[in-house]
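The report below is meant for someone meeting this structure for the first time. Please look at the sequence and the model before reading on.

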Amino acid sequence: MPVYIGKRLLVAIPTLLIISIFVFSLQKLLPGDPILAMAGEERDPAVIEFLRDKYRLNDPVIVQYFYWLGGVLTGDFGISLRTNQPVLELILEKLPVTIQLAVMAMFFAMMIGIPIGILAAVRKNTVVDYFANVLALSGLSIPNFWLGIMLILLISVQLGWLPASGYESIFVDPVRSLQTMVMPAFVLGNALAATLMRHTRSAMIGVLSSDYIRTARAKGLSPREVVLSHSFRNALLPVVTLSALLFGELLAGAVLTEQIFTIPGFGKLIVDAVFNRDYAVVQGVVLCTAVGFILMNLIADALYVLLNPRLRATI
Amino acid sequence: MKRFTKLTTVLLAGALFAFPALAVDLRIGLQDDADVLDPAQSRTFVGRIVYTAMCDKLIDVSPDLKFAPQLATEWKWSADGKELVMKIRDGVKFHDGTALDAAAVVATIERNMTLPESRRKSELASVAKVEASGPLEVKFTLKAPDVTLLSQLSDRAGMIVSPTAAKALGANFGSKPVCAGPFKFVERVQQDRIVLEKFADYWDKSKIFIDKVTYLPIPDTTVRLANLRSGDLDFIERVAPTDVAAVKGDSALKYDATVNIGYMALYANIGNGARADNPFGKDKRIRQAFSLAIDREAMNQIVYEGTAVGGNQPFPPNSPWFNKSLPVPARDVAKAKALLKAAGTERVKVELQIPNNPVAQQMMQILQSMVTEAGFDVSLKSTEFATLLDEQTRGNYQLSRSDWSGRVDPDGNIHQFITCKGGINDTKYCNPEVDKLLNDARASTDDAVRKQKYDAAAVILNDELPVIYLGHQSWIWAYKKNVTGFVPNPDGMIRLQGVKKG
């Protein structure tokens, strides 16, 4: 197993390099001059020239890239054009926020999606199944931003149960932290729950109609045991893969959710950075996201092996 | 009895320790996150709002846009307008305890002029030398007369920072800013909050009734208002005009608005590269026709729910600098058509570059349909702000919508946009006569003379129309009923002197 993981990590290096080259070039193709946005309303020529020089924007793109790469290899991701803060510091400040949001969203998605998916499969073609399908469809089709604003208006403004937006670190004030995160995590998890429910349902239906389940039933096992111990574990495989892939969607969704609920996380960081042409921040965030993706996929594969003993022989 | 007294004393003392006076915490929702918190380097509007509480300036601006003493108690121009002497307030301390004297003022001004990262250089370009002419007196010597220096010193260029901190932190001053305002910096979490607390040694502390201020950037206007209504915020700035009715209808909230000192405008490419070479850029009659085809009042009523005012000059109609002999024109389609005919055409194609925010888009769509009637086929090119700015600077546009946040001195709303060598003259309009008028206005310390010059310039600009002014938005604030003492100011700042939260 460690050799397998090591190999996978080695393969990740060229992937990350390609991604970074790709993003670097794409950014340079974008119209808009970051320095103009940074120089202030007066756009003082002396300031513009100084900033261009400071951030090496007068150098050829390839030189800029190697400067950046050299920095990254030594742990220096550059400095934010907008706030003068080191990019690494910004990333380390924002990453835990989004991770907390993602974990809580995933928790909601799983808590809602998996049980309803199982229930829908077990009660296939009954009212329960239809109801679950309608629920899933609504979850998928309600836009994040609309649901977010509606929840704010209902739960925060009308009922006053939860704060409308903002963020508190879980280490500073855990209760307040959970209070501020419940709504955004629910909004973000909602669409994922629908996807998870659909996949759990179809995987469970597939498993429930297989021979060994019939055997298990014939042995006289209780329906509960058949469903949870025999079917669910096998149906879980595609669900795990999906959850890892959904992590990407989660980050994309976080961009919008963080904007609505004003959560100072990764999504908000990258949106602001793109609008301000804050190259170093965009580059750093994309690199981190790519690393996150690769790790999530690696974890999913490792879980696969753990869940399915037959795969252990193949690695 | 003795025992009873003792017990009472103990209980009373206990109660005092257990229930300290409740700290008054004011939470303010801002539209954006501030950039770097160094007055020398900062460039955002919201940054200035934060400084209003944190960094006192040499000069303040009153609600009627007059200069008022703050760190400078009085000032005097020399007869030739090339020297400005300022008396500095005695007994002022910076948040780090350093005394604020003439030397500290000189250090700040020199820092603003020389720090490589400084964005204040052009604002202080007329200053040749600044020196301490006494322990509490500063003398500015100018290269040429420049009355606009006062307005620069009433903004970031005049915010005096602690020389001790500036020396220690250099360009990184923004990480822990130390000024001499009523509130001192506590902490900042990017995109989340900026926290300030009351400065006990503030020179004007009798006017400060708030113990802690937290600024929270919440870009979405609906969410910002929802936070105010749910009680998470006490005060918000830039309420969307569409939300005004909701604020007014909420008995728990108060509302304030004032027409701002900036403007909304369309910039015509007159001479900025090859794209200026078209009838719209070359023939003023076509631009006059375009301007006449716009119903400014209707546009403001529909888009801004009546909170904005129409305009045709860089200053709003309620400004003392507005030329009253040139009233905001009413829509006149017949005259617009006649002008087009005189220019030898009946239909003109125009590409209008606009920022991709919903309000600007809605406003420009209305404008598009208005001018169609007069003979203009306008295509809207929607683009996000950084691109718009870039295209405008490089001259890759025909007509571009761009707004200006406004400056207290009239010069700040016109000189750099209109003069031939103006730093942000993106239209590349150049008229030596206008240049002379605007330079003369800058050099005179007599307001009557300045007004005459601006009036004369307005007549020419209204005829040649390199910039088609559309109107002036209002600053709109909403706050909880228990917040009192706020005085709206056309500069859009939130001054906390006198503000109480009951």
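This is a predicted model: local features need pLDDT of at least 70, side-chain atom pairs count only at pLDDT 80 or more; totals for chains, interfaces and linings use all residues.

Residues are numbered from 1 along each chain as its sequence is written, and chains are lettered from A and ligands numbered from 1 in the order in which they are written.

**Chain A**

Chain A has twelve helices and zero strands, where helices (H or I, at least four residues) and strands (E, at least two) are DSSP runs numbered from the N terminus. Its C-alpha atoms fill a box of roughly 85 × 55 × 35 Å, taken along the principal axes. Of the 315 residues in chain A, 38% are buried; a residue is buried if 20 or more other C-beta atoms lie within 10 Å of its own, exposed if 12 or fewer, and partly exposed in between, with C-beta atoms placed from the backbone. Among contacts in chain A between residues at least 6 apart in sequence, 71% join residues at least 24 apart, two residues being in contact if their C-beta atoms, placed from the backbone, lie within 7 Å.

**Where the chains meet**

In the contact between the chains, 33 residues of chain B touch 42 residues of chain A. On the chain B side, the elements that give two or more residues are helix H6 (221-230) and helix H13 (385-394) of chain B, and H6(B) gives the most, with six residues.

**Nonpolar cores**

The largest nonpolar core holds 155 residues, of which A:Leu250, B:Val50 and B:Ile160 touch the most other members; such a core is a set of buried Ala, Val, Leu, Ile, Met, Phe, Trp, Tyr and Cys residues joined through C-beta atoms within 7 Å. Helix H8 (residues 174-208) of chain A supplies the largest share of this core, 16 residues. Leaving aside residues up to four places away in sequence, A:Leu250 touches A:Ala102, A:Ala105, A:Met106, A:Leu188 and A:Leu192.

**Strands of chain B**

| Strand | Partner | Bridges and sense |
|---|---|---|
| S1(B), residues 25-30 | S10(B) | six bridges, parallel |
| S9(B), residues 193-198 | S10(B) | four bridges, antiparallel |
| S13(B), residues 263-268 | S18(B), residues 467-472 | four bridges, antiparallel |

Five of the six residues of strand S10 (residues 212-217) of chain B are buried, so this strand is largely enclosed by the rest of the structure. B:Tyr215 in S10(B) stands opposite B:Ile28, and B:Lys212 in S10(B) is the bridge partner of B:Glu197.

Elsewhere in chain B, six strands form an open sheet of mixed pairing in the order S14-S18-S13-S17-S15-S16. Strand S14 (309-310) and strand S16 (376-383) of chain B stand at its edges with a single partner strand each, so one side of each is left without a neighbour in the sheet. Within the sheet, B:Ala265 stands opposite B:Tyr469 in S18(B).

Helix H9 (residues 284-292) of chain B lies across S13, strand S15 (348-355), S16 and S18 of chain B, and runs at about 15° to S18(B); here axes are lines fitted to C-alpha atoms, for helices over the stretch in contact, and angles run from 0 to 180 degrees between N-to-C directions. H13(B) lies across S13, S15, S16 and strand S17 (399-404) of chain B, running at about 130° to S15(B).

Terms used. Two strands pair if DSSP finds at least two bridges between them.
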